[in-house]
Amino acid sequence: MRYIYSRAIIAICLLALVSAQTWAQKSAEVASPDGNIKVTVKTDEKGFVTYGVKVEGADFLIDSPLGLTANNGDFRSNMTITSSETKAVKKEFKQTRIKHSEVKYDANEMIVHTENAEKVPFDIQFAVTNTDVAFRYIMPKSGETGSTRIFHEATGFRFPKETTTFLCPQSDPMVGWKRTKPSYEEEYVADAPLNAHSKFNHGFTFPCLFHLPNDGWALVSETGVDSKYCASHLSNNINGVFMVEFPMPGENNGNGTVEPAFALPGATPWRTISLGKSLKPIVESTITWALVDPVYETENEYKMGKGTWSWILWQDESINYDDQVKYIDLAAAMKFQYVLVDNWWDTNIGRDKIAELVKYAQSKGVDVFLWYSSSGYWNDIVQGPINCMDRAIVRKKEMKWMKSLGVKGIKVDFFGGDKQETIRLYEDILSDADDNGLMVIFHGCTIPRGWERMYPNYVGSEAVLASENMIFGQNNCDQEGFRTTLYPFVRNVIGSMEYGGCFLNKRMHKSNNSGNYRKTSDVFQLSSCILFQNAIQNFAIAPNNLEDAPKECLEFLTNVPTEWDETRLIEGYPGKYIVMARRHGDKWYVAVTNGEMTDREVSINIDEIFGKDAKVEMLSDAKDGGVLKSQVKAKKGLLKLKVGGEKAIVLMN
């Protein structure tokens with residue numbers, strides 16, 4: 001009797017244990033190292049997997065969906081969490097060409113093991129730092145299936161209802177100049193309601209900034225996209241959720257599938273969410289690079305720096321030998337490292353004369369970047385050289401020729417798509433270029449997704465409505481203040497941004513007395529050199545600026561670095577104003593930039609930036625249109641500044 005009773009107790013205990021395990025397997029949780037961010041993953045009664053994110057107890061993301069469908073299974077519903085495991089991960093590395101030269105990654109990582117109704121395994125990996133949440137899907141090899149083709153992702157982001165957005169719409173495919181879009185060059189809309197649809201009804205390009213009603217902020221993007229996947233974007237708000245969407249079928253003239261594929265075992269790119277009760281942790285985040293590794297090693301040493309660029313003001317007519325000599329001389333006078341020779345050089349200058357031009361530039365201590373079209377068969381581009389970068393045999397021959405001349409880099413333009421086939425082209429261009437010691441700038445392109453760390457010769461992407469548009473419409477000049485104070489909070493957070501700014505001409509024309517007019521001040525232009533991060537900066541100055549621009553501006557441009565060791569956001573609001581500090585070595589630069597028409601007052605504790613009793617210089621706009629240089633005097637380290645509408649102040653030690 002006692003034996004039977006004991007067995008009954010054991011059975012009840014086992015039943016309780018099984019019930020507890022079953023309950024536990026319905027959810028998993030991981031927190032940031034400091035405990036302020038908590039991520040909960042769970043399944044509902046139908047087996048749908050969702051995740052939620054809390055920051056200091058407040059909801060930032062609510063029951064957001066996870067999963068995907070593929071040729072080897074449906075991993076959206078009827079899912080079971082079988083187990084989970086968590087570990088602490090720390091690493092440090094040095095990284096050039098981004099906002100911080102030393103990256104420290106301190107995270108708690110969790111893998112949630114799940115299986116679908118057919119018992120096919122499917123893992124979800126989370127990485128949680130004190131400022132970021134990231135996740136990706138890992139697909140083990142199961143049975144004989146050696147590869148997977150992803151039909152659709154169920155990945156989503158559900159924010160609280162009163163959230164507002166700062167989003168850039170995804171354009172129609174095969175529209176715009178010579179049918180080259182999408183190219184991430186649409187207009188951001190600031191403080192839009194959460195349910196506002198995009199202008200073209202195709203959702204929104206990464207990165208996407210959200211302002212939560214609890215005064216929190218979240219920036220959503222992705223990283224680690226290479227030739228094994230497509231680039232993605234967010235859908236319109238569908239029933240309160242922004243979903244990850246693949247490229248549109250019409251991109252790149254219909255060439256290539258929209259469904260990415262990879263070998264098993266394999267993984268998707270990371271989706272990243274930078275979070276904070278203020279914008280500071282978002283702007284300073286390095287999660288984009290901390291989650292990826294170099295794709296290949298290089299034997300080359302690449303030198304970052306500044307360049308001149310005739311096309312931005314003098315346009316197509318300047319792509320001739322004599323005008324390029326003038327811009328080489330300008331670069332030499334400014335002690336810049338590079339000159340960028342833009343489209344049509346193959347016909348307007350010719351290959352033999354380009355060889356002469358490279359030699360002339362080198363004699364002046366200046367190196368050359370050459371422009372190329374990316375393609376020949378998926379848009380209508382006629383600007384040459386074309387049909388050189390899209391085919392491996394021709395591309396390698398072309399790059400070998402450039403190496404023989406001593407060309408240091410290329411600018412490749414007009415991609416027009418995010419399909420896996422197109423991402424593979426980006427990677428192939430970078431790899432072949434590195435074999436020939438060439439740096440690569442992309443234009444008319446997608447955003448970088450961890451590429452500074454992944455590819456050692458990658459030095460920048462446009463992927464934004466950039467300075468060249470000021471030539472084409474006065475409305476773009478009118479919007480310069482808004483865009484300059486917006487991009488550091490959104491587009492430039494996640495990667496290098498080849499904006500091509502800093503105009504010192506008053507008018508957007510070679511003559512400087514006709515064309516669209518610049519509304520912002522000279523010091524405002526200088527501040528953009530601090531606000532916009534790109535390791536190779538091709539500025540919009542012109543030869544006449546050596547005579548007609550304030551000497552303080554020229555001196556600043558000669559000395560300002562393009563690589564940074566540290567970045568700090570002091571304060572600001574997207575599209576209104578920004579106070580940002582960047583450090584190169586032991587020298588700090590601070591941009592105090594007002595993008596609005598009305599005056600703004602700010603206070604800065606300069607002791608915290610420059611150190612107590614440091615000598616700090618200030619550049620500000622004079623009433624007569626010139627530039628004033630003065631020494632800063634602060635009471636107890638607190639500097640109070642009044643910045644005029646569409647003006648700026650620059651501080652430096």
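This report covers the cysteines and one β-sheet of a predicted model.

**Cysteines**

The whole structure holds zero disulfides. A disulfide here would need two cysteine sulfur atoms within 2.5 Å. Take Cys168. Its closest cysteine sulfur belongs to Cys208 and lies 8.6 Å away, so the two are too far apart for a bond. Cys445 is in no disulfide either, with the sulfur of Cys168 as its nearest at 13 Å.

Are these cysteines buried or exposed? Cys168 is buried, at 2% relative accessible area. Cys445 is buried too, at 1%.

The table collects the values for both residues.

| Cysteine | Closest cysteine sulfur | Distance | Relative accessible area |
|---|---|---|---|
| Cys168 | Cys208 | 8.6 Å | 2% |
| Cys445 | Cys168 | 13 Å | 1% |

**The sheet**

Four strands make up an open sheet. Their order is β1-β2-β3-β4, and they pair in antiparallel fashion. Strands of a sheet are held together by backbone hydrogen bonds.

Which strands stand at the edges? They are β1, residues 27–31, and β4, residues 58–65. Each has a single partner strand, so one side of each has no neighbour in the sheet. From one strand to the next, the twist averages 15°.

The pairing of β3 with β4 can be followed to the residue. Strand β3 spans residues 49–55. Five bridges join β3 to β4, and the two run antiparallel.

Key:
Residues are numbered from 1 along each chain as its sequence is written. This is a predicted model: local features need pLDDT of at least 70, side-chain atom pairs count only at pLDDT 80 or more; totals for chains, interfaces and linings use all residues. Side-chain values use heavy atoms; hydrogens and water are left out. Buried means under 20% relative accessible area, exposed over 50%, partly exposed in between (1.4 Å probe, protein chains only). Two strands pair if DSSP finds at least two bridges between them. Axes are lines fitted to C-alpha atoms, for helices over the stretch in contact, and angles run from 0 to 180 degrees between N-to-C directions.
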